[in-house]
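Colleague: Hi! Could you walk me through this model?
Modeller: Happy to, let's have it on screen.

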Amino acid sequence: MIFRRIHLAGFLFIACIFKGYSQEIVTGLIINPEINKKYEQKASTKSLNPPDTLDLPFFEDFTDEGPWPQETRWTDNDVFVNNTFCLNPVSQGVATFDALNNMGLLYEEAETYQFEADRLTSVPLNMELDPAENIYLSFFYQPQGTGDPPEIKDSLVLQFYSVTGDIWKSVWKAEGTVVHNFKPVIIKIEDPDYLKKGFRFRFINYASLSSTLSDPAMAGNADQWNIDYIYLDRNRDPADTIAEDVTFTSPIRSVLNTYESMPWNQFRQIFLSEMGSSVKINYRNNDKVIRNVTRSFIITDIYEDADVHSFSAGATNIDPGEWISYDANLIYTFNSSFTDSALFRIRSILTTDEFDRKINDTIDYYQVFSNYFSYDDGSAESGYGINGQGASNAMAATRFRTFLKDTLRAVFIAFNDSYESSNRRYFDLAVWNDNNGIPGDLLLEQEEMVDPGESINGFIRYDLNDPLPVEGYFHVGWVQRTETFLNASLDMNTPHHGKRHYYINGSWQESEVSGSLMIRPVTGEKTAVSGIDIITRDQAKILHIWPNPASLILNIEIRESEYKPGDCTLDIFDSSGRLIISREYTETIDVSALQPGIYFIKARSGSSDLGYNRFIKY
């Protein structure tokens, strides 16, 4: 694999895998769709007013839901709070510094020379302390993660604010390099200039994007750094680099044997073979002593708003600093009274000592059963495409399998936005049968256009002009019309296990790029626009919605006895379990911009859930 950087008014990093003149190319993203969508929604929500100063201790492990840091602890929102751009974090959730701003867009000032990109600035802190109290600030950092390695001239800098001098001073710096495990840093604070009320600290990353390419569709993000476990307190020592904490370190994945998500009717047909036998969890003892941990699990049917299965995986001791990857035996099969879709939350809980921080001891995964197949987790870390001489008529395909006779009606593809919409190009959507694991005969080919501006959460729905019967293995992808780059979204956290191939210079070859292309074939009956009885909830439930299905406006009613005015939030999730709308409770919501499909809506008051429902958008 060859790594190189490019400059193109927007610039970026790419990784090229050469096959003659042809290339499989992985790029950074020019837009982070998760941040960009939530930025648009943020204008309709209240902002918290942080206190004038916070008392110590100050602790942050970025476990709270992102994509921005919490306003009670931070004064800016440039960094991306996530759990997908990091490798082997010491705790679930990190802050990622990159070349994208707080709207998820490439910084306008991005250039070949070093420029200041993201900031992460603490709220003012009460540091009126005696230097003898041994005040230390510690944190963990990692360059690159699953993204782009910062070059040596790039850097991550820590600065302290001098209240008396009204000036920021640099106290630590890391130069760009390739990925390594998270490293601890601990800094003693004893300068009287800092030991005052109103002290602040901040991290800044400096990026520089360089080299030249002929195709602006490959421009994108670069220079990632990850930070975790920021801890500032007194009565510490130089060896006290980490909080005494047992924590989850990475997300739960699908418990299905093949897919992250699949059609509900397909699963019901073959649940005996597709249902996994375990839930994999990853956690770590960040303490200096042996800790005892009890692992428990709860599976909730979201549509029914009921816990349907719970079990304990027992208690165990975990050594200091030990990472645990554990497969908890699962004796359960998803079941629901609904026939068209289902949604289950798998919650894992670590029960630890009373003094342990609890915020990172619970982790959720939403197992989605809708009308599509998916290998990806809905989060893109990079872009993928085929480029260069000989790439005209190149093809890319991912293999899927139906377990009963079905009808392919549409395909979702997530294409990344590109510099000046340069990848708004025509291509042919294609479906092949299977030939011993690689694409065989072409079953369908229809002309389409890459148009990320029309997408919802990155996905564009391409309806087939003529629905196609499918059974067993089939392959879905595209045929290029030119040698230029299409830039499809690539999920770097789910391996393709030999299911992805590309065609160039007369033959199909297995992709050498890790990760899953964000392609989702849609099967089943045509989405209904009637038959409300099959999807409405019991009228005794708290959250009522109508009309259902909805096209433009969704009406909402919640019993007044269930919430306090001004203290109720509505969250709408797509069928992959991703939050796409979050706003204060109102009696109507405009859903006209949503893609046709199945969604669920949750009402909550603070951290307490009030009720769930679901609806079809047509």
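Modeller: One term before we start: buried means under 20% relative accessible area, exposed over 50%, and partly exposed in between, with a 1.4 Å probe and protein chains only. On those terms Cys568 is buried, with a relative accessible area of 4%. This is a predicted model, where local features need pLDDT of at least 70, side-chain atom pairs count only at pLDDT 80 or more, and totals for chains, interfaces and linings use all residues. Residues are numbered from 1 along each chain as its sequence is written, and side-chain values use heavy atoms, with hydrogens and water left out.

Colleague: Is Cys86 buried or exposed?
Modeller: Cys86 counts as buried, at 6% relative accessibility.

Colleague: And how many disulfides does the structure hold?
Modeller: Zero, taking a disulfide as a pair of cysteine sulfur atoms within 2.5 Å.

Colleague: What about Phe427 and Tyr462?
Modeller: Their ring centres are 5.5 Å apart and their planes at 85°, so that pair is edge-to-face. Phe427 lies in strand 26 (residues 426-435) and Tyr462 in strand 28 (residues 459-480), so this pair ties together parts 35 residues apart in sequence. Phe427 is buried at 0% relative accessible area, and Tyr462 counts as buried at 4%.

Colleague: Which Arg lies over the face of Phe59?
Modeller: Arg357, at 3.8 Å from the ring centre. The test wants NZ of Lys or CZ of Arg within 6 Å of the ring centre and within 35 degrees of the ring normal. Arg200 likewise lies over the face of Tyr161, at 4.5 Å.

Colleague: New topic: how many cavities of 30 Å³ or more?
Modeller: Four. On a 1 Å grid over the protein atoms alone, a cavity is a set of points where a 1.4 Å probe fits but cannot get out, and a pocket is an open set with protein on both sides within 12 Å along at least five of seven lines; lining residues have an atom within 4 Å of a point. Grid points are joined across faces, edges and corners, and a volume is the space filled by probe spheres set on the points. The second largest cavity has a volume of about 60 Å³, and its lining includes Tyr303, Asp574 and Phe600.

Colleague: And the second largest pocket, what is its volume?
Modeller: About 870 Å³. The second largest pocket is lined by 36 residues, with Arg253, Glu260, Lys280, Asn493 and Pro495 nearest its centre.

Terms used. Rings of Phe, Tyr and Trp (its six-membered ring) pair if their centres lie within 6.5 Å; planes under 30 degrees apart count as stacked, over 60 as edge-to-face and the rest as tilted. Helices (H or I, at least four residues) and strands (E, at least two) are DSSP runs, numbered from the N terminus.
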